[in-house]
Amino acid sequence: MTKLSVNINKIATLRNSRGGDVPNVVQFAKDVQRFGAEGVTIHPRPDERHIRYQDAHDLKPVVYTEYNIEGNPIPKFIDLVLATKPTQVTLVPDSIDAITSNAGWDTIKNKDFLVEVIKEFKNNGIRTSIFVDPVLKQIEGAKETGTDRIELYTEAFAHQYSLGNKDAVIPYADCAKLADSLDLGVNAGHDLSLDNIEFFKQSIPNLLEVSIGHALIAESLYLGVENVINMYKNKLK
C-alpha cells in the first residue's frame with residue numbers, strides 16, 4: 001500500500017491570513033494522523049508565507065508517523081532540517097518567488113551540490129528524496145547523488161489526465177521502473193487529487209508515498225478531512 005503524507009501548508013496559509021493561531025497547525029497534524037494519514041509534510045519557504053520555521057520545531061514532538069520536510073536546501077533550510085531531524089527531507093529547487101514548486105532538479109548539472117547536501121543529511125540519519133521531472137536521464141543522475149528516493153513531479157500528469165490523456169502517465173511509469181532497477185525508492189506529488197490518484201497508483205506499482213496538500217484540503221471543505229483521508233487511503237491500496 002502506498003503511504004499518504006498530508007501536506008499541511010494550506011492550513012498555515014489560512015492561519016496566517018487572519019493572524020492568531022486558528023486553525024492550529026499542530027492540532028491539524030495530530031488530527032490527520034488520527035484519521036489515518038501515514039505522514040505529515042511541510043514545505044517552509046524563506047519568506048515563511050505559510051509554514052513558519054518555528055512550526056517545523058513545534059510539529060516534531062507530535063508527528064509520530066513519517067515527518068517529511070520539503071524545500072530548497074539553502075543554508076537556513078539545511079540548518080532547520082538538521083535541528084529537527086525529520087524522517088525524510090525532500091529537496092526541491094524552488095526559486096524564492098515561486099508560488100508553488102514548478103520544476104524538478106537537473107540532477108546532472110547540480111550533481112556536486114546535491115551529493116554534498118545529501119551526504120550531510122544521511123550522516124545525520126535523515127532519509128533523502130529529490131524532486132525530479134519524469135525524465136529518464138534525471139533519474140540516472142539522481143542515482144549518482146546518493147539519494148535514497150526520488151519524488152516524481154506530477155503536475156504535467158495531472159493536467160493531461162484532466163484533459164482525458166491517460167497516456168500522460170507513461171513517462172512516470174517508465175521512470176519509476178528505472179528508479180526501482182537502480183534501487184531508488186519512488187515518491188510522487190503535486191496536483192494529485194481524488195480524481196486522478198487511483199489511476200496514477202495503478203500505473204506506478206512501486207509507488208511508496210504520495211504527498212498531497214492543496215487538493216486534499218480543498219476536497220475536505222466539502223467532504224470533511226477524515227472522510228477525504230480515508231477516500232485517499234482506499235484509492236492507494
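Predicted model: local features only at pLDDT ≥ 70, side-chain atom pairs only at ≥ 80, totals over all residues.

User: OK, and what is the phi of D191?

Analyst: D191 has a positive phi of about 65 degrees, although D191 is not a glycine. Most residues other than glycine have a negative phi.

User: How accessible is D191?

Analyst: D191 has a relative accessible area of 40%, so D191 is partly exposed.

User: And K85, what's its phi?

Analyst: Phi of K85 is near 50 degrees, which is a positive value in a residue other than glycine. K85 sits in the loop between α4 (75-84) and β4 (88-91). With 39% relative accessibility, K85 counts as partly exposed.

User: Which residues does the cis peptide bond join?

Analyst: That bond joins V22 and P23, with omega at about -5 degrees. Most peptide bonds are trans. As for its place, P23 is in the loop between α1 (9-18) and α2.

User: Let's move on to α2, then. How many of its residues are buried?

Analyst: Seven of the 10 residues of α2 are buried, so the helix is mostly covered. The buried ones are V25, V26, F28, A29, D31, V32 and Q33.

User: What do those buried residues pack against?

Analyst: Quite a list! The buried residues of α2 pack against β1 (3-7), α1, β2 (39-42), α3 (53-59), α10 and α11.

User: What goes on at the start of α2?

Analyst: There, a side-chain oxygen of N24 reaches to within 3.0 Å of the backbone nitrogen of V26.

User: And which residue follows α2?

Analyst: α2 is followed by G36, and the phi of G36 is positive, near 120 degrees.

User: Can we zoom in on Q33? Why does it count as buried?

Analyst: Q33 has a relative accessible area of 5%, and buried means under 20%, so Q33 is buried. Q33 lies in helix α2, which covers residues 25-34.

User: What does the side chain of Q33 reach?

Analyst: The Q33 side chain reaches the backbone oxygen of A29, at 3.0 Å. Residues three or four places apart in an α-helix point the same way, because the helix has 3.6 residues a turn.

User: Which residues is Q33 in contact with, leaving aside its neighbours within four places in sequence?

Analyst: With those neighbours left out, Q33 is in contact with V40, V62, V63, Y64 and T65.

User: Then at what angle do α10 and α11 pack?

Analyst: Helix α10 (residues 214-223) and helix α11 (residues 225-235) pack at about 125 degrees, and their axes are 7 Å apart. That angle makes α10 oblique to α11. The crossing of α10 past α11 is right-handed.

User: Which residues make the contact there?

Analyst: From α10, the contact is made by A215, L216, E219, S220 and L223, and from α11 by V225, N227, V228, M231 and Y232. Sorted by class, that is seven nonpolar, two polar and one charged residues.

User: What about α4 and α5, what's their angle?

Analyst: α4 and helix α5 (residues 111-123) pack at an angle of about 20 degrees, with 10 Å between their axes. That makes α4 roughly parallel to α5. The crossing of α4 and α5 is right-handed. On the α4 side, I78, V81 and L82 make the contact, and on the α5 side V117, E120 and F121 do. By class, the contact has five nonpolar, no polar and one charged residues.

User: Staying with α5: is E116 buried or exposed?

Analyst: E116, which is in helix α5, is exposed, with a relative accessible area of 58%.

User: How far apart are E116 and T145?

Analyst: E116 and T145 are 29 residues apart in sequence and 8.4 Å apart in space, C-alpha to C-alpha.

User: Last one: is T128 buried or exposed?

Analyst: T128 counts as buried, at 0% relative accessibility. Its place is in strand β5 (residues 127-132). Leaving aside neighbours within four places in sequence, the contacts of T128 include V89, I118, F121 and D148.

Key: Residues numbered from 1 in each chain as written. Heavy atoms only, no water. Axes fitted to C-alpha atoms, helices over the stretch in contact; angles between N-to-C directions. Helix = DSSP H or I, 4+ residues; strand = E, 2+ residues; numbered from the N terminus. Parallel < 35°, antiparallel > 145°, perpendicular 65-115°, else oblique. Left-handed = near helix turned anticlockwise from the far one by under 90°. Contact = heavy atoms within 4.5 Å. Nonpolar A, V, L, I, M, F, W, Y, C, P; charged D, E, K, R; others polar. Buried < 20%, exposed > 50% of the residue type's maximum accessible area, 1.4 Å probe, protein only. Polar contact = N/O pair within 3.5 Å; in protein donor to acceptor, adjacent residues only side chain to side chain.
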